[in-house]
Each structure stands twice: as structure tokens, then as C-alpha cells.
Amino acid sequence: MSTSHTIKQIPATWVTRDNFLPFGQAIFPMADDKPFDREDAQLCLDRGTPRFYIMRLSKCGCRFHTITRHSQCTQCLGSLQGKDWYIAVAPPSDKDYPEIEKMAAFRVPGNCFIKLGLGTWHAGPLLEHEEVNFYNLELSDTNLRDRFTYDFYNQDNLAFEIVSPPEVAVHT
């Protein structure tokens, strides 16, 4: 017997430095000689061995039913091929579940990377391209000992779908 799930749509907005602040940082290109400041990624990688690698992801669409958080490190994600992608996020909290009413979805242009703050819930990268290589900066054991996943299907009979914003990107 199959069980149907409610699918809740979340409208995506183009990521900007300001609108992503509750979840981490959006980092856009800057001059090489610019001094370090708050616009640079503020990393927390001191609780283990940092791992910087390229992960290959295949087309998965913009639906999801699980969301994950890492509380021991920040995580940086970015597309290597200049392709845009999506991510759904919820702010960190002391609860064992994300606050649905505070969830947001973003479309990330290919010239930007994001740094997720400690404990930020995230679903993605989600993509509509056939395949995209992403760089990922986290700890070497993040997915073994610092991965807490909440399953909306099992807990709330719910799934989400990110709805795309207009094509014009805002690069700030």
C-alpha cells in the first residue's frame, strides 16, 4: 500500500550576501589584492582535519525530503563549471528538527560559493544540469560523525520542491 506525501513548494531567490546571512555567507568574486575582511569566508575547521575535495553530482531535480546539519564545522560548496544550482536551508537551532517556517531556498550562480554556518540545515546542492562538479570544504569525517539528518517523509509525511526564480541573477 503506498502512502502519498504532501509536497510543499518553496520559492527560490537568487542568493546575495545579505539574504544568505541567517544561514552563513555567500562569497562572490573579489580583487586579489583586497585585504581579508568580513566578506571573506569565516571558517570553523579547527575540530578535525579539513577535507577539500571535488564531488561529482548528477541531475537530481529540485525535490527533497531530507535535510542535514553539521555542528562541528562550517561547510563551503561551489560549482566548478560556472553552472547555477539550488539549496534549501533552515537556520541552526537547539531542536532536533528544522523549523519549516524559517526554511528558505536559494539559486546560487556559478560565480559564487556559499559557506554554511555551524548547524545550518541544508538540502542540496540540488541541480537541474545533467552533471556538475562541486568543490566541498568540510572536515575529513564530517559525514561519519557530524551528520544529523531529518527525514520529512518519515516524520511529517512531507516533501519539498524548490520553485525557480526569474532568470536574471543579482550578483552582490
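Trainee: What volume does the second largest pocket have?
Mentor: Keep in mind that this is a predicted model. Its lining includes Arg17, Asp18 and Leu21. The volume of the second largest pocket is about 190 Å³.

Trainee: Which element gives the most to the lining of the second largest pocket?
Mentor: Helix H1 (17-20) and E2 each supply at least two residues. Gln25, Ala26 and Ile27 are among the lining residues. The top contributor, with 3 residues, is E2.

Trainee: How many residues of that lining are charged?
Mentor: Look at the lining: Asp37, Arg38 and Glu39 are among its residues. Asp, Glu, Lys and Arg count as charged. The lining divides into 3 nonpolar and 1 polar, and the charged residues number 5.

Trainee: Is aspartate 40 buried or exposed?
Mentor: Aspartate 40 is found in the loop between E2 and E3. Buried means under 20% relative accessible area. Aspartate 40 has 17%, so it counts as buried.

Trainee: With which side chain does the side chain of aspartate 40 make a polar contact?
Mentor: A polar contact needs a pair of N or O atoms within 3.5 Å. Here the distance is 3.2 Å, and the partner is lysine 34.

Trainee: Which strands stand at the edges of the open sheet?
Mentor: The sheet has 5 strands, in the order E2-E9-E6-E11-E3, with antiparallel pairing. Each edge strand has a single partner strand, so one side is left without a neighbour in the sheet; these are strand E2 (24-27) and strand E3 (50-58).

Trainee: By how much are neighbouring strands of this sheet turned against each other on average?
Mentor: Direction is ignored in this angle. The average is 20°.

Trainee: What is the bridge partner of glycine 78 in E9?
Mentor: Strand E6 (residues 75-79) and strand E9 (residues 113-116) run antiparallel, joined by 4 bridges. In E9, the partner of glycine 78 is phenylalanine 113.

Trainee: Which element supplies the largest share of the lining of the largest pocket?
Mentor: That pocket holds about 370 Å³ of space. It is lined by 23 residues, and His122, Ala123 and Gly124 are among those nearest its centre. E3, E6 and strand E11 (131-139) are among the elements that supply at least two residues each. The largest share, 5 residues, comes from E10.

Trainee: How many residues of the lining of the largest pocket are nonpolar?
Mentor: Ala and Pro count as nonpolar. Ala123 and Pro125 are both in this lining. Beside 10 polar and 2 charged residues, the nonpolar ones number 11.

Key. Residues numbered from 1 in each chain as written. Predicted model: local features only at pLDDT ≥ 70, side-chain atom pairs only at ≥ 80, totals over all residues. Heavy atoms only, no water. Pairing = 2+ DSSP bridges. Axes fitted to C-alpha atoms, helices over the stretch in contact; angles between N-to-C directions. 1 Å grid on protein atoms, 1.4 Å probe; cavity = no way out; pocket = protein on both sides within 12 Å on 5 of 7 lines; lining within 4 Å. Points joined across faces, edges and corners; volume = space filled by probe spheres on them. Buried < 20%, exposed > 50% of the residue type's maximum accessible area, 1.4 Å probe, protein only. Polar contact = N/O pair within 3.5 Å; in protein donor to acceptor, adjacent residues only side chain to side chain.
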